[in-house]
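Q: Could you go through a few of the labels used for this model and set each one against its cut-off?

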Amino acid sequence: MFGVYDKNSDGEMQLQELKDSFLLCDDADTPDGILTRTEYVNCQVSQSSELEALANVLYSVYDVNNNTRLDTDEYSGFYRQMDTISDGNLTQPEFTTYWTDLLNRTKHHTTIFC
C-alpha cells in the first residue's frame, strides 16, 4: 500500500499524497474535496466487493469527529496518527506499523486477511 500512496517514490509519504489518495474516491460528477461514507465505501467496493465491511469500519476510523464527512482536517489527523515520530515525514516503517495494528484490530470485520 505504501508504494501506491508514495507517488513520487521518495520513500516518504507526504500529507498531500495521502490527501490525494482519499480524493480519488471523491465523486467525479460532484467533486468537492469531501468524502461521504457512501463515496468511500463505493470506491473501495469497486475494487473488491469483499471490502465493504472493512471499508465501513475504516471510514469510521478516519472520521475522527464523527460528522460523516472526511475532509482536510481528518486527513491531516490521520496522517499525524501514522507519523509516530512526529517529524512530518511518514516513512514506510511507520506506515506499516500503523496499518498492521489497525488491520489486526479490525480483522473480525472481513475474511479477506484470513
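A: Gladly, with the reminder that this is a predicted model.

Q: Why is Ser-86 called exposed?

A: Ser-86 has a relative accessible area of 61%, and exposed is the word for values over 50%, so Ser-86 is exposed. Ser-86 sits in the loop between α5 and β2 (90-91), and its phi is near 60°, a positive value in a residue other than glycine. Most residues other than glycine have a negative phi.

Q: What makes Thr-68 exposed or buried?

A: The relative accessible area of Thr-68 is 51%; because the label exposed begins over 50%, Thr-68 counts as exposed. Thr-68 belongs to the loop between α4 and α5, and although Thr-68 is not a glycine, its phi is positive, at about 60°.

Q: Why is Ser-76 called buried?

A: With a relative accessible area of 15%, Ser-76 falls under the 20% that marks a buried residue, and therefore Ser-76 is buried. Ser-76 lies in helix α5 (residues 72-82) and, leaving aside residues up to four places away in sequence, touches Leu-15 and Lys-19.

Q: Which residues of helix α4 are buried, and what covers them?

A: In helix α4 (residues 52-62), the buried residues include Leu-54, Ala-55, Val-57, Leu-58, Tyr-59 and Tyr-62, and among the elements that cover the buried residues of α4 are α2 (15-23), α3 (37-45), α5 and α6 (92-106).

Q: How do you know that residues 1-28 carry a domain label?

A: That label comes from UniProt, where an unreviewed entry lists residues 1-28 as "domain: EF-hand". In the model, this span is 46% helix and 7% strand, and its end C-alpha atoms lie 23 Å apart.

Terms used: Residues numbered from 1 in each chain as written. Predicted model: local features only at pLDDT ≥ 70, side-chain atom pairs only at ≥ 80, totals over all residues. Heavy atoms only, no water. Helix = DSSP H or I, 4+ residues; strand = E, 2+ residues; numbered from the N terminus. Buried < 20%, exposed > 50% of the residue type's maximum accessible area, 1.4 Å probe, protein only. Contact = heavy atoms within 4.5 Å. UniProt positions renumbered as here; feature names shortened; annotations may be inferred.
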